[in-house]
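Please look through the sequence and the model below before reading on. The explanation is meant to be followed with the structure in view.

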Amino acid sequence: MIVPLTHVLAFSGALFFLGLACVLARRNLIMILIGVEIMINGAGLALAGGSAFWQNIDGQILVILLMALTSAEVSISLAMVVYLQRRRGTLEANAYNEMHG
Amino acid sequence: MATILFYILGFTALAATLLCITRRNPVHAIIYLVNALFALALLFYLLGAPLVAAWEVIIYAGAIMVLFLFIIMMLELAPDQEIKGPGWLRWGPVLLLSLVLLACTVLLMVADPGSSQEVPAYYASPRTFGYALFKQYALAVEIVSFQLLFAAVGAYYVGRPEQRKKPKGGTP
């Protein structure tokens, strides 16, 4: 496959900033988590592109480690989502603006 | 051929992601994200990472997104929980910020003299991958396994059933 490295990086950057826009604009906790997932995928695309560019396998291994870390992060954060929903009855991020209790 | 496929898949992933982040119903958003992840898995395959492509489908689309779906269905979320107000007030600044950051990134990449170098064809067989992962990066695998264990313990702790409050004081 012959594409310039810039195009791979531009695609991954576009994915990353779409995820960033989702995190910043949405107010639902689940949608915020989805935005984080999109950002992580964008980073993974950049890693795989670098791995192919330098003909080196390290980037792909980083992508796999990234997936493992993501699954850990998602399990914890979804457990917290369930906890917050039970506790407050809403997933609106604006509802969680107090530090006490 | 592969080059054309790369651009088609890239724009498919971007379009599906764009649809995903603008849906009001989280279930629809997750279905679009699964679509984007399939396109992304094919991109990984084109970049010479067949094992990563398979795991992208298996772990991301198969496990993580289904976990999201389970949580959404378990909590019975109402699909329309957005705040009031005009949409541009929420999306305008965010889009401006993201577009400016993206434009700066792209400009930096274009200004780089080595930017027009092309990604050569590359293929890492699963055998090579496994050797590198479990020999060179064995310590990282161990650390990740520890972290998964901690995540499981933490998720269980956070999601434990609520205990009844014990009566305070020694009233017999």
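Predicted model: local features only at pLDDT ≥ 70, side-chain atom pairs only at ≥ 80, totals over all residues.

Within that chain, the mean pLDDT of the elements is lowest for strand β1 (residues 3-4), at 83, and highest for α2(A), at 92.

Chain A contains three helices and one strand, which follow one another along the sequence as β-α-α-α. Its radius of gyration is 17 Å, whereas the globule rule gives 13 Å for 101 residues, so chain A is more spread out than a compact globule. The C-alpha trace of chain A spans about 55 × 25 × 20 Å along its principal axes. Of its 101 residues, 61% count as buried, and the chain exposes about 3700 Å², of which carbon and sulfur atoms supply 68%. Among the contacts in chain A that link residues at least 6 apart in sequence, 52% join residues at least 24 apart.

The largest nonpolar core has 81 residues, and the members that touch the most others are A:Ile30, A:Ile34 and B:Phe68. Two or more residues each come from α1 (5-25), α2 (29-53) and α3 (58-88) of chain A, and from α1 (2-22), α2 (26-46), α3 (50-75), α4 (87-111) and α5 (126-136) of chain B. The largest share, 13 residues, is that of α2(A). Leaving aside residues up to four places away in sequence, B:Phe68 touches A:Ile30, A:Leu33, A:Ile34, A:Glu37, A:Val74 and A:Leu78, together with B:Ile30.

Technical notes: Residues numbered from 1 in each chain as written. Chains lettered and ligands numbered in written order. Heavy atoms only, no water. Core = buried A, V, L, I, M, F, W, Y, C linked by side-chain atoms within 4.5 Å. Buried < 20%, exposed > 50% of the residue type's maximum accessible area, 1.4 Å probe, protein only. Helix = DSSP H or I, 4+ residues; strand = E, 2+ residues; numbered from the N terminus. Contact = heavy atoms within 4.5 Å. pLDDT = per-residue confidence, 0-100. Rg over C-alpha atoms; globule rule 2.2 N^0.38 Å. Areas by Shrake-Rupley, 256 points an atom, 1.4 Å probe, with all protein chains shown as cover.
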